Amino acid sequence: MLEAKVVPAGQHAPRVKSSSSQEYSKILQLMSHQSSRHTPLRLPRNNYDYRHPEQVEADKLVERAKEEFHRVAEEKLSILRYMGVRGPIDFGPDEIFLTLAGRCHTESGPVFSYEVCFFENAAQISQQNIKTSLGSWSGFQDGYSAATFTNGEPCGDQHPDRSLLVQFECGTEDRLHGSSEASTCVYEIIFATPLACTSAHVQERLDQLQVLEDFIKTVQAEIDSSASASREHLSSLAGHPHVEL
């Protein structure tokens with residue numbers, strides 16, 4: 001039978017450590033001592049991608065979709081800026097040239113480079129990276145086959161302010177080329193773009209491809225005919241007793 005010990009008033013009962021708590025403290029001390037004596041175990045890094053190949057491809061598609069989304073969002077903000085600051089802008093039939101908004105295109109030359117920012121401005125750039133304004137966006141010309149930038153930097157008392165005429169041509173990609181100074185401070189440049197391709201241009205390219213395909217077939221037929229004649233000639237020589245092949 002356990003005997004209860006009465007503790008006088010105002011005093012606290014002494015704390016008694018159980019054997020289990022004492023053993024636990026010893027274990028902690030031992031572990032601390034061992035960790036200080038030995039280098040911690042370091043597991044090797046494993047860079048292996050445990051994702052399924054289809055998951056990897058799906059993640060890549062998601063990343064590309066995010067990049068495209070951000071690009072379109074930036075274009076939208078740029079277009080809204082144009083619409084808000086400058087009012088309604090003519091982007092062509094069915095707004096076909098809308099994708100050019102907010103983008104600048106450059107042609108690098110041996111002396112000068114030319115920068116065209118559609119619906120905004122154009123400039124001539126020297127080798128020292130000094131920009132000379134060729135004018136601000138003035139609009140499309142000749143049934144959307146050209147565009148003009150006017151009221152650029154002054155060109156002296158005898159000449160008009162600098163300006164730029166951009167001629168559109170059908171092309172497989174957006175590219176500036178063929179810059180020239182038609183007259184003093186009046187510049188011209190060509191902008192190749194798929195946006196300028198009409199059904200007539202497409203049919204013309206298809207006709208060119210057809211002509212090329214017919215030419216390839218004709219050449220291949222001549223090659224096959226020549227090879228066949230050569231084989232027949234060799235066969236006839238192989239049957240002749242005085243000819244060594």
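User: Is Cys197 buried, partly exposed or exposed, and what is its relative accessible area?

Analyst: Please note at the outset that this is a predicted model. Cys197 has a relative accessible area of 26%, and because buried requires a value under 20% and exposed a value over 50%, Cys197 is classed as partly exposed.

User: Which cysteine forms a disulfide with Cys197, and how far apart are the sulfur atoms?

Analyst: In general, a disulfide is a covalent bond between the sulfur atoms of two cysteines. Here Cys197 is joined to Cys170, with 1.9 Å between the sulfur atoms. The link of Cys170 and Cys197 is right-handed, with 90° about the S-S bond. Cys170 belongs to strand 6, while Cys197 sits in the loop between strand 8 and helix 3 (199–238), so this pair ties together parts that are 27 residues apart in sequence.

User: How many disulfides does the structure contain, and what is the pairing when the bonded cysteines are numbered in sequence order?

Analyst: The count comes to 3 disulfides. With the bonded cysteines numbered in sequence order, the pairing reads 1-2, 3-5, 4-6.

User: Where in the chain do Cys155 and Cys185 lie?

Analyst: Cys155 and Cys185 form a disulfide with sulfur atoms 1.6 Å apart. Cys155 is found in the loop between strand 5 (146–150) and strand 6 (163–170), and Cys185 in the loop between strand 7 (175–183) and strand 8 (186–193), so the bond connects parts that are 30 residues apart in sequence. Both cysteines, Cys155 and Cys185, are buried. Their link is right-handed, with 55° about the S-S bond.

User: What are the sulfur separation of Cys104 and Cys117 and the handedness of their link?

Analyst: The sulfur atoms of Cys104 and Cys117 are 2.0 Å apart in their disulfide. This link is right-handed, with 110° about the S-S bond. It connects distant parts of the chain, since Cys104 is in strand 1 (residues 104–107) and Cys117 in strand 2 (residues 113–117), 13 residues apart. Cys104 is partly exposed at a relative accessible area of 44%, whereas Cys117 is buried at 4%.

User: Let us turn to aromatic rings. How many aromatic pairs does the structure hold?

Analyst: A pair of aromatic rings is described by the distance of the centres and the angle of the planes. The structure holds 15 aromatic pairs. One of them is the tilted pair of Tyr114 and Tyr187, at 6.1 Å centre to centre and 55° between the planes. Tyr114 lies in strand 2 and Tyr187 in strand 8, so the contact brings together parts that are 73 residues apart in sequence. Tyr114 is buried at 8% relative accessibility, and Tyr187 is buried at 5%. Another tilted pair is that of Phe118 and Phe149, with 6.5 Å between centres and 50° between planes. Phe118 is in the loop between strand 2 and strand 3 (121–125) and Phe149 in strand 5, so parts that are 31 residues apart in sequence are tied together. Both Phe118 and Phe149 are buried.

User: Which residues do ring pairs link into a cluster?

Analyst: The cluster consists of Phe91, Phe97, Phe118, Phe119, Trp137, Phe140, Tyr144, Phe149, Phe168 and Phe191.

User: Finally, how many salt bridges are found in the whole structure?

Analyst: The search finds 3 salt bridges. In one, the side chains of Glu115 and Lys131 meet at 2.9 Å, N to O. Glu115 in strand 2 and Lys131 in strand 4 (residues 131–141) are 16 residues apart, so that distant parts of the chain are linked. Glu115 counts as buried at 16% relative accessibility, while Lys131 is partly exposed at 46%.

User: What separates the closest N and O atoms of Lys217 and Glu213, and where do these residues lie?

Analyst: The closest N and O atoms of Lys217 and Glu213 are 3.7 Å apart in their salt bridge. Both residues lie in helix 3, 4 residues apart, about one turn of the helix. Lys217 is exposed, with a relative accessible area of 52%, and Glu213 is partly exposed at 38%.

User: Which residue forms a salt bridge with Glu57?

Analyst: The partner of Glu57 is Arg64, and their closest N and O atoms are 3.9 Å apart. Glu57 is partly exposed at 39% relative accessibility, and Arg64 is partly exposed at 44%.

Note on methods. Residues numbered from 1 in each chain as written. Predicted model: local features only at pLDDT ≥ 70, side-chain atom pairs only at ≥ 80, totals over all residues. Heavy atoms only, no water. Disulfide = S-S within 2.5 Å. Helix = DSSP H or I, 4+ residues; strand = E, 2+ residues; numbered from the N terminus. Buried < 20%, exposed > 50% of the residue type's maximum accessible area, 1.4 Å probe, protein only. Phe/Tyr/Trp six-rings, centres within 6.5 Å; stacked < 30°, edge-to-face > 60°. Salt bridge = Lys/Arg side-chain N within 4 Å of Asp/Glu carboxyl O.
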